[in-house]
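Trainee: I am new to this structure. Could you please take me closely through a single part of it?

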Amino acid sequence: MTKLSFIFLVFSLIVILPPMAAEIKTLKISSDTRPMILFERFGFTHTGQANISVSSVSVDSPGASADPSHLGFFLLTEESLIQVLIELQQTSSFCVLESKYITHLFTFRDLSPTPHSSFERSYPITSPNEYSLFFANCAPDSTVSMEVRTELYNFDGHVKDYLSAGLTQLPSLYFCFSVVYFAFFGFWIFVSSKNRKVVHRIHALMGLLVIMKALNLLAAAEDKHYVKATGTPHGWDVLFYIFQFIRVVLLFTVIILIGTGWSFLKPFLQDREKKVLMIVIPLQVLANVASVVIGETGPFIKDWVTWNQVFLLVDIICCCGIIFPIVWSIRSLRETSKTDGKAARNLAKLTLFRQFYIVVIGYLYFTRIVVFALRTIAAYKYQWVANAAEEIGSLAFYAVIFYMFRPAEKNEYFVLDDEDEEAVELALRDEEFEL
């Protein structure tokens, strides 16, 4: 990859990279040859501060000593991105540190003398906006090693707020939704206890899914609260990832098992359905590993883009994989209805699974595409709206699915009068239930 291509790739990350909780981070860069390193993206208010310190800096160049003014840190807004890219395109040897569109912080010329080679300064943000923190290396063929400490925050009165301007509402948002899911779990226990005779194993898994979702949101709320107040998650990030892993695996498992009709239509899984589970669950393990790497590191690591691609690819495969059991169930019910003489009952099941298919597709579309679009188009001060939309969509999905497959002795989908059989048989002869 050429230097110019790499710089274009790094700048393109600004568009897809969401604003981050600017935890106080200490990073070590070792023998790095990249011309551009993106550290963080953060929304500043008029009280914003950026504290950057570097130490143990060393620059190795095969030829003459690298010009220290060609290595340094800067801030860049998304509005200025296009102008900088035009400058780079017009002159391939152009150094981004010379651009008039960046907010210059410091270069290696400002470092203290060796052997310390360090620098630290706090920069007040005079123009509120969303900025990306970059390191630029415009010295050809040089390698850089250093320790970097970043501390980005806004002042809320006299208190530091380490969450981006658009994410400061997240602790309250996640806590409110966790309370809703705890209440949801209590109601599910109540419904199940009233209908013990028709409670199946899938209903127990659904209850476990709800409590894991509630705990996941509670851990997320505490994680964001401590980051907001202190700049560090105080271990809540570990709990968050544990509950997230269990919750995501359970979610895909429950969707697959409901799609197969396991426990409430049949007591076992077919071989092809077992294979789907054996594929999706390990992939979800890989997706969660990628999620941890993405969340706990950042775009400054060399393989960060690769981990994002792995996460996206695995998520797409899993989303496609969970659709197959639903389609198989619909086709199986349609074939069975032609031979077993229970047309009305099978029509009810077909209706149920067809609606389930539509709900799952709608949920995947909303959480993967609509939420991403909201994050992309929303102003940096309103990034929390995308998180709220995602949680509202998830809550609606849980509510609809749990209502459709609730334990009930007289479920509307499975109680039909015998006199409807003839009309239903005619409906099944039509192709209205083909996907």
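Mentor: On one side of α2, residues E79, Q89 and Q90 are exposed, where exposed means over 50% relative accessible area, buried under 20%, and partly exposed in between, with a 1.4 Å probe and protein chains only. The model is a predicted one, in which local features need pLDDT of at least 70, side-chain atom pairs count only at pLDDT 80 or more, and totals for chains, interfaces and linings use all residues. Residues are numbered from 1 along each chain as its sequence is written, and side-chain values use heavy atoms, with hydrogens and water left out.

Helix α2 covers residues 78–90; helices are DSSP runs of H or I with at least four residues, numbered from the N terminus. Its 13 residues reach 19 Å from the first C-alpha to the last, close to the expected 18 Å, a span taken as 1.5 Å times one less than the number of residues.

The buried residues of α2 are S80, L81, V84, L85, E87 and L88. Seen down the helix axis, these buried residues fall within an arc of 160°, so they line one face of α2; the arc is that of the directions from the axis to the C-beta atoms. An α-helix has 3.6 residues a turn, so residues three or four places apart point the same way.

E78 belongs to a network of salt bridges that also links R41 and E130. A salt bridge is a side-chain nitrogen of Lys or Arg within 4 Å of a carboxyl oxygen of Asp or Glu, and by this rule the count comes to ten.

Notes:
Helix = DSSP H or I, 4+ residues; strand = E, 2+ residues; numbered from the N terminus.
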